[in-house]
Amino acid sequence: MTVVSVVNMKGGVAKTTLATNLADALVRRENCTVLLVDLDPQFNATQCLLSGEEYIRRRKAGGHTIVNIFDDSPPPVVSAVLDDTPPPKLELKDIKPWSIKKGLDLIAGDLELYRLEMGAGQGREQRLRRYLEEIKADEIYDFVIIDTPPTPSHWMMAALLASSGYLVPVKPEPLSRTGIDLLRGVVERCSNNHGHWSAPLGVDRSS
């Protein structure tokens, strides 16, 4: 299972366009099974694949999102006087992607990702990697494509830690190229702080 992140420090360079179309092309042209992970709190990749009505329907039906992977907080304490039992903690292996079509599944994005904060030592930046290791054992997917936010955040670090390589969409303009220089620093910190090297797979020029 090959895991690839689509990253750039600058927005508006077609990261989501590249991620969703790459996932679709791998399914249609190469007959691969693909998991698309929407790690951007704005969840544009999810909105590309699902209507608003369908997204809400799946959420109301209990569908899991990217928040379930990162929110490892314990269940709320319930009063023993009321004889209630707290809901069971959701294990990583129990988080189910959404089926989009044959060969393509989605870990849906979620605005609630904004409310999660990663403090030093929490280890949340490792949870996406751990989740993908869990599902790798099932040998379901040939590729995992991760759409990332355009900021040097914990979420981008989580994507790089889970990836064997990354693609950089870029426009032929100075600000877009600046994003590549900033990205190099993030990749180096990932290597220095976590001992994980994600290989650059190429730069995709978008118009």
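Predicted model: local features only at pLDDT ≥ 70, side-chain atom pairs only at ≥ 80, totals over all residues.
Leaving out residues up to four places away in sequence, Thr 20 touches Leu 36, Ala 45 and Cys 48.

- Thr 20 belongs to helix 1, which spans residues 15-28, and it counts as buried because its relative accessibility is 11%, where buried means under 20%.
- The side chain of Thr 20 reaches the backbone oxygen of Thr 16 at 2.8 Å, and a polar atom of that side chain also lies 3.3 Å from the backbone oxygen of Thr 17.

**Helix 5 against helix 6**
- Helix 5 (residues 127-136) and helix 6 (residues 154-162) have axes that come within 7 Å and cross at roughly 35°, and the crossing is right-handed.
- Helix 5 contributes Leu 128, Arg 129 and Leu 132 to this contact, while helix 6 contributes Ala 158, Ala 159, Leu 161 and Ala 162; by class, these residues are 6 nonpolar, no polar and 1 charged.

**The nonpolar cores**
- The largest nonpolar core has 24 residues, of which Leu 39, Ile 69, Phe 70, Leu 128, Leu 132 and Ile 146 touch the most other members.
- At least two residues of this core come from each of strand 2 (34-38), helix 4 (66-70), helix 5, strand 5 (143-147) and helix 6.
- Apart from this core lies another one, of 20 residues, which includes Ala 19, Val 27, Val 34 and Ile 145.
- Ile 146, setting aside neighbours within four places in sequence, is in contact with residues including Val 37, Leu 39, Leu 128, Leu 132, Ala 159 and Ala 162.

Notes:
Residues numbered from 1 in each chain as written. Heavy atoms only, no water. Helix = DSSP H or I, 4+ residues; strand = E, 2+ residues; numbered from the N terminus. Buried < 20%, exposed > 50% of the residue type's maximum accessible area, 1.4 Å probe, protein only. Polar contact = N/O pair within 3.5 Å; in protein donor to acceptor, adjacent residues only side chain to side chain. Contact = heavy atoms within 4.5 Å. Axes fitted to C-alpha atoms, helices over the stretch in contact; angles between N-to-C directions. Left-handed = near helix turned anticlockwise from the far one by under 90°. Nonpolar A, V, L, I, M, F, W, Y, C, P; charged D, E, K, R; others polar. Core = buried A, V, L, I, M, F, W, Y, C linked by side-chain atoms within 4.5 Å.
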